[in-house]
Amino acid sequence: MTTSPLVRQCLALLLRSKNSSTPLPPATAAQLHALLLTSGHIHYDSLCLLFRSYCACGRPLGAHNLLAQMPQPPPVSFCNTLLRSYTDLGFHREALVLYSRMRAFDHLTFPFAAKACGGLRLCRHGRAVHCRALTAGLGGDAYVQNTLVSMYTRCREVAAAEAVFGAMRSRTVVSWNIVIGGCVKNGCPERALEVFEAMVGSGVGIDRATVVSVLPACAQTKDLRTGRAVHRLAEGRGLGNYVAVKNALIDMYGKCGSLEDARWVFDDDKFDKDVVSWTAMIGAYVLNDRAGKALALGCEMLMTSEARPNAVTMAYLLSACASLPPGKHAKCTHTLCIRLGLQSDVVVETALVDSYAKCGHMKMIEMIVEKGSQRTETWNAAISGYTHREQEKKAIELFKRMIAESVRPDSATMASVLPAYAEFADLVQAKNIHCFLLTQGFLGSAEIATGLIDVYAKAGNLEVTWELFQCLPEKDVVAWTTIIAGYGMHGHARTAILLYDTMVEKGVKPNNITMASLLYACSHAGMIDEGLRLFDDIRNVHGLMPNAEHYSCLIDMLGRAGKIEEAYRLIEDMPFKPTASAWGVLLGACVLHENVEFGEIAAKHLVELEPENIGNYVLLGKVYASAGRWADVQDLRRMMEERDLHKDPGSSAVDAKSELC
């Protein structure tokens with residue numbers, strides 16, 4: 001068959017593209033394929049050229065279809081080329097299907113297969129690839145070993161990754177970088193620093209990727225000393241002026257609380273700041289409670305930089321706005337998000353809801369949700385906002401509406417809504433959410449199961465509370481604290497103390513919340529000796545520092561027992577400035593025992609700390625009235641009128657039929 005000039009031109013074009021670094025456009029490759037097909041010039045050589053063109057231009061499915069027309073089995077090099085195309089585009093499942101059908105392999109096959117397993121987090125399949133590489137005699141190949149280490153770290157199998165790394169005869173800088181980065185991503189920053197120290201100690205030269213991998217470990221561990229050492233090492237190796245290194249340094253210094261160092265790196269004129277640089281510095285200010293400076297830097301970025309804010313930048317700025325109560329900054333930043341076209345980004349939308357919740361602009365949250373967002377993250381942020389603003393009923397209503405509108409809840413949803421159910425303390429609602437968690441399979445999570453235990457405990461059903469606690473496969477400090485607090489709040493102080501003793505025997509170290517729950521239980525049960533023992537345990541047994549809540553519980557305990565002067569001396573001996581809570585419990589005890597002397601002292605401090613709290617004046621009035629000092633009661637009422645303070649009317653709740661059912 002004679003070849004027409006047009007066909008020759010097509011073949012020449014395919015040959016040129018094969019030897020060129022620039023692939024053909026996908027449409028051109030498809031047109032050449034169609035032309036060769038209709039002209040009858042599809043043969044092995046043209047199929048090979050088309051196959052490589054499809055792989056190079058990002059059309060692996062077209063290349064896959066051509067394999068069926070080639071001699072079977074296809075050459076290993078062709079399969080490897082297609083595997084690479086699949087994995088580069090993130091088509092990991094298709095890559096594994098192709099790999100499973102291959103019967104011949106070489107040193108390039110296994111790295112692509114391992115990358116696909118890592119992308120899908122399929123550790124079992126990854127181990128099978130590893131075994132096949134070993135049986136093929138390629139287990140010692142450096143390239144294969146590096147990709148196996150990467151695969152194991154992506155599958156969260158750090159021990160397996162380190163085992164492969166430990167067996168390597170020649171470790172390159174890439175090998176060390178993969179292990180360091182894998183440890184950081186798997187929540188093992190301390191181990192990442194250990195590997196980095198071993199790397200430097202063994203004389204392996206670091207590169208940019210090393211610095212960018214190890215600095216997040218310094219940030220997570222708040223290890224400023226090592227972070228500065230890495231900075232000096234990077235400068236000594238001439239790596240300090242790369243943008244990625246500068247950005248990692250700004251982030252590390254910010255998270256370690258060294259804003260001066262972060263700003264010094266940021267202000268260096270030797271590198272061109274990109275959006276990540278600005279975002280890292282803004283984030284550093286936000287993380288260190290410098291909301292005003294974060295917003296000022298955001299304005300400077302808009303006015304002086306060519307870098308355009310991205311979703312993360314706006315999320316940080318919205319977080320800064322949440323620290324400024326009036327809420328006008330949040331609305332201005334919201335407007336900027338709209339102008340930048342970022343208002344629909346999930347990160348920005350969630351940050352908007354969170355910012356408005358913290359500023360108390362709940363109607364703006366309703367408006368964002370009303371727009372019909374079907375993202376679970378946005379609903380979660382709204383539910384969490386209502387819960388933290390102590391609007392439990394609204395949070396539960398929104399959760400039920402979320403289900404009604406077919407927005408699928410996740411574990412974060414349940415973690416946000418369960419505290420609302422707990423504070424609502426409605427046993428019927430507790431059973432409802434229990435059924436939902438069972439049917440949706442959420443109770444497999446220890447965190448969710450612990451949240452449900454808290455719901456039943458606050459609703460007063462200690463029998464179910466105990467059964468759920470017993471079913472937990474592993475009981476951490478949060479679970480123990482929840483069950484202890486549940487028994488303590490319902491007057492079972494001795495049971496709470498027995499649980500505490502069992503917890504300590506099992507090697508679970510209590511935290512500050514555990515001890516506060518126990519002190520609260522002893523206070524309400526009048527168990528002073530046990531309470532004093534537990535207060536002593538905080539420092540001497542568990543190595544914790546007593547906080548304001550611990551002192552308030554102890555003061556309340558002494559005050560309820562009539563030991564008003566002892567309680568007052570304890571306040572005076574506190575290692576920090578007494579809080580309103582400490583003076584408040586003392587004033588409450590003075591009302592109970594009609595002690596005017598210390599009641600006046602406590603009230604004086606409370607008025608200084610909380611001048612607008614009407615409850616403090618009411619309690620002092622009760623102290624005066626109990627002592628028959630009616631003139632002082634009149635003076636107090638006159639002072640309240642002058643300050644325009646009015647007591648809110650009392651209220652009670654009667655649940656005839658819960659409208660939430």
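**Close-up 1. D88 and K115 form a salt bridge in this predicted model.** The closest N and O atoms of the pair are 3.5 Å apart. D88 has 52% relative accessibility and counts as exposed, because the cut-off for exposed is over 50%. K115, at 36%, counts as partly exposed.

**Close-up 2. R84, D88 and K115 belong to a salt-bridge network.** The D88 to K115 contact of the previous view is part of this picture. R84 is linked into the network with D88 and K115.

**Close-up 3. R263 and D267 meet through their side chains in a salt bridge.** The N to O distance is 3.2 Å. R263 has a relative accessible area of 23% and is partly exposed. D267 is partly exposed too, with a relative accessible area of 39%.

**Close-up 4. D556 and R560 pair within helix α33.** Their side chains meet in a salt bridge, with 2.9 Å from N to O. Helix α33 spans residues 548-560. D556 and R560 are 4 residues apart there, about one turn of the helix. D556 counts as buried at 15% relative accessibility, because buried means under 20%. R560 counts as partly exposed at 38% relative accessibility.

**Overview. A search of the whole structure finds 21 salt bridges.** Among them are D88 with K115, R263 with D267, and D556 with R560.

Definitions and conventions. Residues are numbered from 1 along each chain as its sequence is written. This is a predicted model: local features need pLDDT of at least 70, side-chain atom pairs count only at pLDDT 80 or more; totals for chains, interfaces and linings use all residues. Side-chain values use heavy atoms; hydrogens and water are left out. A salt bridge is a side-chain nitrogen of Lys or Arg within 4 Å of a carboxyl oxygen of Asp or Glu. Buried means under 20% relative accessible area, exposed over 50%, partly exposed in between (1.4 Å probe, protein chains only). Helices (H or I, at least four residues) and strands (E, at least two) are DSSP runs, numbered from the N terminus.
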